[in-house]
Amino acid sequence: MNETRSIWDYEDIVERSLLEDLELLAEHISGRVLHINATYSGGGVAEILSSMILLLKGLGIETEWNIIRGDDAFFSITKTFHNVLHGRVNGAVEVPVKHEPVSVLDDLKSEIGELTRRKEMFETYLHWNRINSEEMDLNSDFVFIHDPQPAALIDVKQRGKWIWRCHIDVSNPDPLIWNFLRKPISKYDASIFSTPMFARPDLGIRQFLVPPSIDPLSDKNIELSQGEIDRVLDKYGICMDKPIITQVSRFDRLKDLPGVIDAYKLVKKRIDCQLILAGGVASDDPEGMGVYHEVMEKAYGEEDIHVLLGSPPFSDIEINAFQRASTVIMQKSLKEGFGLVVSEGLWKGKPVIGGATGGIPLQIINDVTGYLAHSVDGAAFKIANLLKNPELARRLGEAGKEHVRHNFLITRHLKDYLLIMLSLENPSGTIRL
Amino acid sequence: MTDFIFYRARYQSELTGKRARDLPELLAAIKEIDESSIFNHIYHALLDSHFLPIGYPNDFAYWVIDALHEPVLAERLANLDLREFPDLEALRKEIIRIIEDYMAMYDVSRRADVGQEFYFIRCISVTFPTRYVVTNMNEALETIKEIDLDSIFYYFIASRLLGGAHYKELSRWIRGNNSHELMEKLDNLYPYGFANMDALRNEIVRIIEGYFWEHI
């Protein structure tokens, strides 16, 4: 991939001084930078890297992006890792299925079986990391390893600074799996977390804070003309004759889609409006279709509720159009990672109402860029308030866009990575170039 | 006459691993954390506030009202007169005094909800020369008018507190241009009472232009 992108493509979007600084900082980075994750497409990490790699190259930094390979068993194991590291609602974690014992002997057998299964999981995980380490050229000055899948590549580190970039919440993990992964991760020179809440106190290495970001020039966020927006809405049979409330999210229980519908129904009694629920079903989520059917059932008979299942997935332009057509955007999650979809909404100048979970409160500053809702009633009250007060909606939307401009765009993310590389080469807290 | 190169700083957040859920924990951590954490939570927020006013000018005050619902203490912390502190240690002592005084008078058993803890974050500062190079005071004035707000923040707030090397260089250069009185005026400028960094820049420009008028 020899494609590059100039940071000056963002000249009309961010301050010129930031772009100048990116160039100045990049001049001090010497050597090769390597990023490794699990996939080139699908998901937030790949989305960020797609832009990040082009921009690093555009700054004249020799940059490579590799993905780890493995068989179905390996990716099934890393999916399990992901699920049990990422805490669940109320702090409980999802653990692999364990049968109820009927006797002490059964209990023992079950525990031995479980331990054997985990041992096999760990062996398969290390086996594929070893294969990848033999196949990849890891000889780089800075190696960014994203998430747990390739974390054990550190075992063959020869040189350079290695950084473990964690995109998930590992604050409340399954202890056995975390203790297994902690061993390789502790060998890194530093780690990066998206929010302080997602970090671990037991790593023993430097921990930097780098929130994720959106790319304002990607199809998902680029400006659209009214004609383009209308074409997408026409395609899905939506008329813009009444205000639109939208939640873009997977059909997943943790996104609280029934709660969004309940809030909408309360508002609808007072103000004529419509609701778009647009999302897909994750291929590895067995509950997804069930949630979709429950949502359809709850929306039955409500002609102004548009439940849109993206199958095949919606294009990024379509998602962009749904958000831009909206008066209010919702992200009423019960549990969330960073919830970058909130920044996507704010970037379009829309007020966003979200659940106070994960990274959402970093993006929604209550009553400044949107509202945090703690209940269906709270969400309904805030929606109605925004629909009745276009000036308030405009003010929150504008502040939200500025908040994203300064904190959640790819250019800030790029600056953070450059600063971290420089920090690792100069351990002092004040670095003078 | 020597050239003067304007510098700028960019900051990177690093977790300290310390966090607090109530006032005693906040106080204990403030006593221990390094100066760059004090700087980050008091001054970095000041820089952020130039585009997004949220009512409280520093992270401690904001957390105390938002997570602990202690408006009296939040107001005291918000009202810190930053002119009084020649360095970050002096500021740390004053924050400790304010919190201890409050704890002696009020019940402070309230704890923040899970997820609302205060996380102590230090900032790594990376300073580097910008492309702005000036050879005389007129050029310096024109540059200050157009330079970004991060540089204004760096010279007139950050550099003064974090060792002050670049602020001293600016001071030496201005004095070297036969502008001692101007530098005294800039030294006496209180940079914290402005609504935002633009207002601070305007005041600096006003001082320099006023000085020019007086000395033409």
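Which residue is the bridge partner of Thr430(A) in E2(B)?

1. Basis. This is a predicted model, in which local features need pLDDT of at least 70 and side-chain atom pairs count only at pLDDT 80 or more, while totals for chains, interfaces and linings use all residues. Residues are numbered from 1 along each chain as its sequence is written, and chains are lettered from A and ligands numbered from 1 in the order in which they are written.

2. Chain A overall. Chain A holds 14 helices and 13 strands; helices (H or I, at least four residues) and strands (E, at least two) are DSSP runs, numbered from the N terminus. Its C-alpha atoms fill a box of roughly 70 × 65 × 35 Å along the principal axes.

3. Burial and contacts in chain A. Of the 433 residues, 47% count as buried. A residue is buried if 20 or more other C-beta atoms lie within 10 Å of its own, exposed if 12 or fewer, and partly exposed in between, with C-beta atoms placed from the backbone. Among contacts with a separation of 6 or more, 69% are between residues 24 or more positions apart. Two residues are in contact if their C-beta atoms, placed from the backbone, lie within 7 Å.

4. Strand E3 of chain A. Five of the five residues of E3(A) (residues 142-146) are buried, so this strand is largely enclosed by the rest of the structure. Phe142(A), Phe144(A) and His146(A) cover one side, and Val143(A) and Ile145(A) the other; all are buried. Strand E1 (residues 32-37) of chain A runs parallel to E3(A) and is joined to it by four bridges, with Leu34(A) partnered by Val143(A). E3(A) also pairs in the parallel sense with strand E4 (residues 161-165) of chain A, over five bridges; there Phe142(A) has Lys161(A) as its bridge partner. Two strands pair if DSSP finds at least two bridges between them.

5. The six-stranded sheet. Six strands of chain A form an open sheet with parallel pairing, in the order E9-E8-E7-E10-E11-E12. Strands E9 (305-309) and E12 (370-373) stand at the edges with a single partner strand each, so one side of each is left without a neighbour in the sheet. On average, neighbouring strands are turned by 20° against each other, direction ignored.

6. Helix H8 (residues 288-299) of chain A lies across E8 and E9 of chain A and runs at about 160° to E9(A). H9(A) packs on the sheet as well, touching E7, E8 and E10 of chain A, and its direction makes about 140° with that of E7(A). Axes are lines fitted to C-alpha atoms, for helices over the stretch in contact, and angles run from 0 to 180 degrees between N-to-C directions.

7. H6 against H9. Helices H6 (residues 226-235) and H9 (residues 316-324) of chain A pack at an angle of about 100°, with axes 9 Å apart. That makes H6(A) roughly perpendicular to H9(A), a term for angles of 65 to 115 degrees. Glu228(A), Ile229(A), Val232(A) and Leu233(A) of H6(A) meet Glu318(A), Ala321(A) and Arg324(A) of H9(A).

8. Chain B overall. Chain B has 10 helices and two strands, and its C-alpha trace spans about 60 × 30 × 30 Å along the principal axes. Buried residues make up 34% of its 216 residues. Tyr11(B), in strand E1 of chain B, is buried, with 22 other C-beta atoms within 10 Å.

9. Where the chains meet. The contact takes 31 residues from chain A and 25 from chain B. On the chain B side, E2(B) gives the most, with 10 residues. Strand E13 (residues 430-432) of chain A and E2(B) run parallel, joined by three bridges. This is where the opening question is settled: the bridge partner of Thr430(A) in E2(B) is Ser125(B).

Definitions and conventions. Angles under 35 degrees count as roughly parallel, over 145 as roughly antiparallel, 65 to 115 as roughly perpendicular and the rest as oblique.
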